[in-house]
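Hello,

Here is the structure I promised to pass on. Please open it beside this email and follow along.

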Amino acid sequence: MTEADNKLIMAWSAYCDDNGIAIKSVGMAQLMIESSHAKSDLYINNNNPFGIKYTEAADYKVDYTTYEYINGERVELVASFAGYNSLTRCFNDYCRIVKPEDLITYDDYINHLEAIGYATDPSYINLINDVVRDYDLKDFDLPGTDDLSRLRSLYKEYRDELDRIAINVIQGDYGNGLERRERLGDMYGVVQERVNEILA
């Protein structure tokens, strides 16, 4: 995973945290695929790493040559894509289209993307699954449940507890360096990441 990839998926992860999106992995894989690992002009110059086509919800329109599958055949054409004034505006529009906050299991998310025809490439879902597997992106997901309200309650409790520990770390309650790592144990990585977010 490139540094640019990591920066982009961490931005999505933070957005998911703020908006109650439990399944982060699918969106992360889409970001990596659609933005060509954070290298596409559509992402870099137009804040559109999801490859969203233009609608009136976008801030402006930009045309690019792309490939689409029409009647099973790969065709090169010029298409109108959405341009956004910020990454958050793009994430908001993606959520308008996909509604990931309502998808509480990985399979729900994948099936929904297929049902709404997010991409014309017939191998798109397989590609997402491959990227999720190759980069261990499911590690970012909260455990699935069929009870959405229970999941959201669990998610809030998890975030509240994580924030409490992170603030204690900032206040010096867990020491520094090796002492902090030893005292936090398996939680060190996720707590330190949250500490860094708060201090940023």
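The buried residues of α4 are covered by elements that include α1, α2 and α5 (106-116). The model is predicted: local features need pLDDT of at least 70, side-chain atom pairs count only at pLDDT 80 or more, and totals for chains, interfaces and linings use all residues. Residues are numbered from 1 along each chain as its sequence is written, and side-chain values use heavy atoms, with hydrogens and water left out.

Some terms before we go on. Helices (H or I, at least four residues) and strands (E, at least two) are DSSP runs, numbered from the N terminus. Buried means under 20% relative accessible area, exposed means over 50%, and partly exposed lies in between (1.4 Å probe, protein chains only). Contact means heavy atoms within 4.5 Å.

**Helix α4**

Which residues of α4 are buried? They are C90, F91, D93, Y94, C95 and V98. The length of α4 also checks out. Its 12 residues should span 16 Å at 1.5 Å a residue, and its end C-alpha atoms are 16 Å apart, so the two agree. (The expected span is 1.5 Å times one less than the number of residues.) After α4 comes K99, with a positive phi near 55 degrees.

**α1 against α4**

Helix α1 covers residues 3-19, and helix α4 covers residues 87-98. Their axes come within 11 Å and cross at roughly 60 degrees. Axes are lines fitted to C-alpha atoms, for helices over the stretch in contact, and angles run from 0 to 180 degrees between N-to-C directions.

From α1, the contact uses L8, A11, W12 and Y15. From α4, it uses L87, T88, F91, N92, Y94 and C95. Eight of the residues in this contact are nonpolar, two are polar and none is charged. Here Ala, Val, Leu, Ile, Met, Phe, Trp, Tyr, Cys and Pro count as nonpolar, Asp, Glu, Lys and Arg as charged, and the others, Gly among them, as polar.

**α1 against α2**

Helix α2 (residues 25-34) packs on α1 at about 145 degrees, with the axes 10 Å apart. The crossing of α1 and α2 is right-handed. On the α1 side, look for D5, L8, I9, W12 and S13. On the α2 side, look for G27, M28, L31 and M32. Six residues of this contact are nonpolar, two are polar and one is charged.

Start with K53, in the loop between α3 (41-46) and β1 (60-70). K53 is partly exposed, at a relative accessible area of 34%. K53 and A82 are 29 residues apart in sequence, yet 5.3 Å apart in space, C-alpha to C-alpha. Beyond its neighbours within four places in sequence, K53 contacts E68, A79, S80, F81 and A82.

Then try R194, in helix α9 (residues 188-199). Is R194 buried or exposed? R194 is buried, with a relative accessible area of 16%. Not counting residues up to four places away in sequence, R194 touches R159, L162, D163 and A166.

**The whole chain**

The protein chain has nine helices and two strands. Of its 200 residues, 40% count as buried.

Best wishes

Terms used
Left-handed = near helix turned anticlockwise from the far one by under 90°.
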